[in-house]
Amino acid sequence: MNAIDHLIRIIEEIARGNYSNDIMPLTAEGQPEPVRTLAEAVGTMMVKIEAREYQLEMMVEEFKVLNRKIKENTIKTVSAMAHALAARDTYTEGHAERVGDLAGRMAEYMGLDEEAVQHIRIGGVLHDIGKIGFSDLLFQAHEGRNSSDLVKEIVKHPQVGVEILRDLDFLGPSLDYVYAHHECLNGKGYPRNLKADDIPLGARIVAVADSYDAITTDRPYQKGRDPEIALDILKEHSGKRWDSTCVKALEALLTQRGVISPCP
Ligand SMILES: [Fe+2]
Ligand SMILES: [Fe+2]
């Protein structure tokens, strides 16, 4: 192979991303001057390209680490907010985390992608954050015995939640789930009386997880019910209040985890 053909082969290899020392003999004394000049220029180019590729690989790795840290910090920020609410309301202690966890698992079960699952989990953790602005009286109030003034304050919490979280860009669609977690399929929910598909799927999932957790948890005015009873209640109102696909996903998940027995 003559020197020019050799040089062309090396350039083709560089174009394919294969860098080697094969160019070195072409820069040696004894090679015709034009070949040496060309070979030295190609060799310098190859070293520069290789160095840039290495830099780019390093940057990609750094971005991956940064991205992971941002995600971890997002979770920590969200958990800190949920704990801030828990400090005011003992019932909420654990409720936010459980709803976030259950809603995330339901979303996973329903085949949603990783990012959607993450947003639904965060929406679940933060769904009641608007209660942080409640008066102390409200935290002491018992269900069924709230005055109309207190009820008016209660129904504001999805809106208050959105106002608290609005500037946190990383929450993305989670904000919609906080806003719509008390909407009902039949339009009788609050605060916007949204109907059916107008309610974001993430909010419909959070609503089911929230209600299931509320029914099964001991509260000052109510003993927590068994999972089977909670599921019966959800099923009875599914299609009207709750999304039946989400209720079915919950049932399948609880069966899978051995929380309830499979249907005979
Ligand atoms: Fe709520
Ligand atoms: Fe809740």
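Leaving aside its neighbours within four places in sequence, which residues is G189 in contact with? In this predicted model, the residues that G189 contacts beyond those neighbours are H182, E183, C184 and L194.

**View 1. G189 in the loop between α8 and α9.** G189 is placed in the loop that runs between α8 (174-180) and α9 (201-216). The residue counts as buried because 21 C-beta neighbours lie inside 10 Å, and the cut-off for a buried residue is 20 or more. Y177 is 12 residues from G189 along the chain, and the C-alpha atoms of the two residues are separated by 14 Å.

**View 2. Helix α2 along its length.** Helix α2 covers residues 33-86, and its 54 residues should span 80 Å at 1.5 Å a residue, which agrees with the 79 Å between its end C-alpha atoms. The helix is hardly covered, since the count of buried residues among its 54 residues is 4. These buried residues are A39, V78, A82 and L85, and the elements against which the buried residues of α2 pack are α1 (3-15), α3 (95-109) and α4 (114-126).

**View 3. The packing of α3 and α11.** Two packed helices are described by the angle between their axes together with the distance between those axes. For α3 and helix α11 (residues 244-256), the angle is about 100 degrees and the axes are 9 Å apart. The two helices α3 and α11 are therefore roughly perpendicular to each other, given that angles of 65 to 115 degrees are counted in that way. On the α3 side the contact is made by R105, M106 and Y109, which meet C246, A249, L250, A252 and L253 in α11. Sorted by class, the contact of α3 with α11 has 7 nonpolar residues, no polar residues and 1 charged residue.

**View 4. The protein chain as the setting for these close-ups.** The secondary structure of the protein chain comes to 11 helices and 0 strands. With a radius of gyration of 30 Å, well over the 18 Å that the globule rule gives for 264 residues, the protein chain is more spread out than a compact globule. Along its principal axes, the C-alpha trace of the protein chain spans about 100 × 45 × 30 Å. Of the 264 residues of the protein chain, 28% count as buried. Among the contacts between residues at least 6 apart in sequence, 61% join residues that are at least 24 apart.

Conventions. Residues numbered from 1 in each chain as written. Chains lettered and ligands numbered in written order. Predicted model: local features only at pLDDT ≥ 70, side-chain atom pairs only at ≥ 80, totals over all residues. Buried ≥ 20, exposed ≤ 12 C-beta atoms within 10 Å, placed from the backbone. Contact = placed C-beta atoms within 7 Å. Expected span 1.5 Å × (residues − 1). Axes fitted to C-alpha atoms, helices over the stretch in contact; angles between N-to-C directions. Parallel < 35°, antiparallel > 145°, perpendicular 65-115°, else oblique. Nonpolar A, V, L, I, M, F, W, Y, C, P; charged D, E, K, R; others polar. Rg over C-alpha atoms; globule rule 2.2 N^0.38 Å.
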